[in-house]
Amino acid sequence: MFEAQLSSGAFQLLGMADLGLLPAVFARLRTPWVAVAVSSAVTLAVSFLAFDEVVATANFLYSLGTLLEFAAFLWLRARQPDLKRPYRVPLSSLPALAAMCAVPSAFLAYVCAVAGWRVFALAGALTALGVGLHGSMRLCRAKRWLKFEGQQRGQGGHAAAPAHTV
């Protein structure tokens, strides 16, 4: 299971490099050894935690990410209701969409609320690290300190998302 997770994480980093979100060194197609090394270093860094703390931290971060997705979903429906989307939720009113997101959001909020202080600290540190790395990657791209591959940058300085077809 560890090897499968390591490979999955390495190929996620490879995909981010293909989109131009990480330096080209992560985009080695035959053997993503840099991505494997980074994934191994992250695994080693959290190995000081007990298993239940690792699971709680993973669930906490997953819950925060899902709440962010729900918020983005509602915000986009409110601000840009006529935006073309590859998939469409068949509800049209914003209150109905908010109600649809409310029940899973309550469970996700509960997961966040019962997390211990070490989970909060680790999740905060990992979130700050992610924000810092995102900023440093943007700086490295702008200053051309590292080589990036992938698609051209879209509006707002983000890599353009791939086109999805239904």
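I began with leucine 126, which counts as partly exposed because its relative accessibility is 35%; I take buried as under 20% relative accessible area, exposed as over 50%, and partly exposed as in between (1.4 Å probe, protein chains only). The model is predicted, so I note that local features need pLDDT of at least 70 and side-chain atom pairs count only at pLDDT 80 or more, while totals for chains, interfaces and linings use all residues. Residues are numbered from 1 along each chain as its sequence is written, and side-chain values use heavy atoms, with hydrogens and water left out.

I located leucine 126 in helix H5; helices (H or I, at least four residues) and strands (E, at least two) are DSSP runs numbered from the N terminus. I then found that Leu126 belongs to a nonpolar surface patch with Leu61, Leu64, Leu129 and Leu133, with about 390 Å² of accessible area together. Such patches consist of residues with over 30% relative accessible area and no salt bridge, nonpolar side chains (Val, Leu, Ile, Met, Phe, Trp, Tyr) being joined within 5 Å and like charges within 9 Å. The areas come from the Shrake-Rupley method with a 1.4 Å probe, and for residues only the protein chains shown count as cover. Helix H3 (51–79) and H5 each supply at least two residues of the patch, and H5 gives the most, 3 residues.

**Nonpolar cores**

I next looked up the cores, each a set of buried Ala, Val, Leu, Ile, Met, Phe, Trp, Tyr and Cys residues joined through side-chain atoms within 4.5 Å. The largest has 11 residues, including Ala10, Leu13, Phe26, Val34, Met137 and Phe148. Two or more residues of this core come from each of helix H1 (2–18), helix H2 (33–45) and helix H5 (117–143). H1 provides the largest share, 3 residues. Apart from this core I noted another, of 5 residues, among them Phe60, Cys112, Val119 and Ala123.

For alanine 27 I listed the contacts (heavy atoms within 4.5 Å). Neighbours within four places in sequence aside, alanine 27 touches Leu14, Ala17, Asp18 and Glu149.

**Salt bridges**

I counted 2 salt bridges, taking as the rule a side-chain nitrogen of Lys or Arg within 4 Å of a carboxyl oxygen of Asp or Glu. In one of them, arginine 118 pairs with glutamate 53, and the closest N and O atoms are 3.5 Å apart. This pair joins distant parts of the chain, with arginine 118 in helix H5 and glutamate 53 in helix H3, 65 residues apart. Arginine 118 is partly exposed, at 32% relative accessible area.

Lysine 147 and glutamate 149 also meet through their side chains in a salt bridge, at 3.9 Å from N to O. Lysine 147 counts as exposed at 59% relative accessibility, whereas glutamate 149 is partly exposed at 33%.

**Glycine 150**

I placed glycine 150 in the segment after H5. Glycine 150 counts as partly exposed, at 45% relative accessibility. Leaving aside neighbours within four places in sequence, I found glycine 150 in contact with Ala17, Asp18, Leu19 and Gly20. The C-alpha atoms of glycine 150 and leucine 21 are separated by 8.1 Å, the two residues being 129 residues apart along the chain.

**Annotated spans**

From the unreviewed UniProt entry I took the annotation "transmembrane region", which covers residues 6–26, 33–51, 57–77, 89–111 and 117–137. UniProt positions are given in the numbering used here, feature names are shortened, and annotations may be inferred rather than shown by experiment. I found residues 89–111 to be 78% helix and 0% strand, with end C-alpha atoms 26 Å apart. Residues 117–137 are 100% helix and 0% strand, and their end C-alpha atoms lie 30 Å apart.
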